[in-house]
Amino acid sequence: MGKVYVFDHPLIQHKLTYIRDIKTGTKEFRELVDEVASLMAFEITRDLPLQEVDVETPVTTAKSKVLAGKKLGIIPILRAGLGMVDGILKLIPAAKVGHIGLYRDPETLQPVEYYAKLPSDVEERDFIVVDPMLATGGSAVEAINSLKKRGAKNIKFMCLIAAPEGVEVVKEAHPDVDIFIAALDEKLNDHGYIVPGLGDAGDRLYGTK
C-alpha cells in the first residue's frame, strides 16, 4: 500500500510560506519552487540503493559507496510541473526527464492526455511524477495511468501542496504509489482550488493570467 509522506523540515516549511504569499513575485516564486524541489528530492531519494567501490584518496585506498546505478526518470505534468524539474536535477543530474501534457475536457471536466514523451527504457526506470499542486487528483491519476500503460512499475508522486481530497483520489486509483508532499492543506473550494493553497502555480511560475 502506498504511503503519504508530509515533509516537516524547517527549511521546506519556511520557503513554502513565501511561495504561498500573494506578494511574492514571479522571479522569487520560481526560485523558491526550485529550492523546495531540491530539498524534497533530497528526502525522496533516501532509499536509493548503494554499492561499495574502491577509491584512492590522497592518503590511502578506501572502500566507499556510490549509487548502484538505479535508473531514474522525472516526469513533470505540463506545464506547472516544469518548475520543479531543475531543482531535482541539481541533485540527480543523471536522471532522464519525460513530459506528460494534460488538458481538462470542458464537457466531462476529466483530464485528457495530449502529449507524452518518455525515456525509451520505461520498464527499467523508477519514476517521480512532479506537479506543484495535488487538488482534485485527476491530473495525477491520469499521468500515472499514462506511465503504467507504457510499462512503468515503480512510480512516486511529488508535489508542494495537496488537498486531502486529491490525496484520497490518488491513493484509491493507485494504491502502489507513494505520495510526497510539502504541505497537506485544509480542503478544496467550490472551484477546485486548494485552500489556503497558493493560487494557480502555472500562472505564478510563468507570469500569466
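The discussion below concerns a predicted model and takes its labels in turn.

Colleague: What does the UniProt record say about residues 6-208?

Modeller: The record, an unreviewed entry, gives residues 6-208 the annotation "domain: Phosphoribosyltransferase". In the model, the chain over residues 6-208 is 31% helix and 32% strand. The end C-alpha atoms of that stretch are 29 Å apart.

Colleague: Which residues does UniProt place under the feature "binding site", and which of these does the lining of the largest pocket include?

Modeller: The unreviewed UniProt entry places that feature at Arg79, Arg104, Asp131, Pro132, Met133, Leu134, Ala135, Thr136, Gly137, Gly138, Ser139 and Asp200. Of these residues, the lining of the largest pocket includes Arg79, Arg104, Asp131, Pro132, Met133, Leu134, Ala135, Thr136, Gly137, Gly138, Ser139 and Asp200.

Colleague: Where do Arg79 and Arg104 lie?

Modeller: Arginine 79 lies in the loop between strand 4 and helix 3, and a cis peptide bond joins it to leucine 78. Arginine 104 belongs to strand 6, residues 99-104. Leaving out residues up to four places away in sequence, arginine 104 touches Leu109, Gln110, Pro111 and Thr136.

Colleague: Why is leucine 134 called buried?

Modeller: The term applies under 20% relative accessible area. Leucine 134 has 1% relative accessibility, so leucine 134 counts as buried. This residue is in strand 9, residues 133-134. Not counting residues up to four places away in sequence, leucine 134 touches residues including Ala140, Phe157, Cys159, Ile161, Val170, Ile179 and Ile194.

Colleague: Is alanine 95 buried or exposed, and how do you know?

Modeller: Its relative accessible area is 12%. The limit for burial is under 20%, and therefore alanine 95 is buried. Alanine 95 is found in the loop between helix 3 (85-89) and strand 5 (96-97). Beyond its neighbours within four places in sequence, alanine 95 is in contact with Leu72, Ile74 and Leu89. Alanine 95 and lysine 70 are 25 residues apart in sequence, and their C-alpha atoms are 9.6 Å apart in space.

Colleague: What makes the pair of lysine 71 and aspartate 121 a salt bridge?

Modeller: A side-chain nitrogen of Lys or Arg must be within 4 Å of a carboxyl oxygen of Asp or Glu. The closest N and O atoms of lysine 71 and aspartate 121 are 3.1 Å apart, so the pair meets that rule. The pair links distant parts of the chain, 50 residues apart. Lysine 71 is in the loop between strand 3 (61-67) and strand 4 (72-78), and aspartate 121 is in the loop between strand 7 (111-117) and strand 8 (126-130). Lysine 71 is partly exposed at 34% relative accessibility, whereas aspartate 121 is buried at 15%. Salt bridges link Lys71, Asp121, Glu124 and Arg125 in a network.

Colleague: How many salt bridges are counted, and how far apart are N and O in the bridge of lysine 148 and aspartate 176?

Modeller: The count comes to 15 salt bridges. For lysine 148 and aspartate 176 the N to O distance is 2.8 Å. This pair also links distant parts of the chain: lysine 148 is in helix 4 (residues 138-149), and aspartate 176 is in the loop between helix 5 (164-173) and strand 11. The side chains of aspartate 21 and lysine 23 meet in a salt bridge as well, at 3.4 Å.

Colleague: Why is lysine 23 called exposed, and aspartate 21 partly exposed?

Modeller: Exposed means over 50% relative accessible area, and lysine 23 has 70%, so lysine 23 is exposed. Aspartate 21 has 24%, which lies between the limits of 20% and 50%, and therefore counts as partly exposed.

Colleague: Which residues form a nonpolar patch on the surface?

Modeller: Val4, Val6 and Leu184 form it, with about 220 Å² of accessible area together. Leucine 184 lies in strand 11, residues 178-184. Patch residues need over 30% relative accessible area; leucine 184 has 44%, so this residue passes that cut-off and is partly exposed.

Technical notes. Residues are numbered from 1 along each chain as its sequence is written. This is a predicted model: local features need pLDDT of at least 70, side-chain atom pairs count only at pLDDT 80 or more; totals for chains, interfaces and linings use all residues. Side-chain values use heavy atoms; hydrogens and water are left out. Patches are made of residues with over 30% relative accessible area and no salt bridge: like charges are joined within 9 Å, nonpolar side chains (Val, Leu, Ile, Met, Phe, Trp, Tyr) within 5 Å. Accessible areas come from the Shrake-Rupley method with a 1.4 Å probe; for residues, only the protein chains shown count as cover. Helices (H or I, at least four residues) and strands (E, at least two) are DSSP runs, numbered from the N terminus. Buried means under 20% relative accessible area, exposed over 50%, partly exposed in between (1.4 Å probe, protein chains only). UniProt positions are given in the numbering used here, feature names are shortened, and annotations may be inferred rather than shown by experiment. On a 1 Å grid over the protein atoms alone, a cavity is a set of points where a 1.4 Å probe fits but cannot get out, and a pocket is an open set with protein on both sides within 12 Å along at least five of seven lines; lining residues have an atom within 4 Å of a point. Contact means heavy atoms within 4.5 Å.
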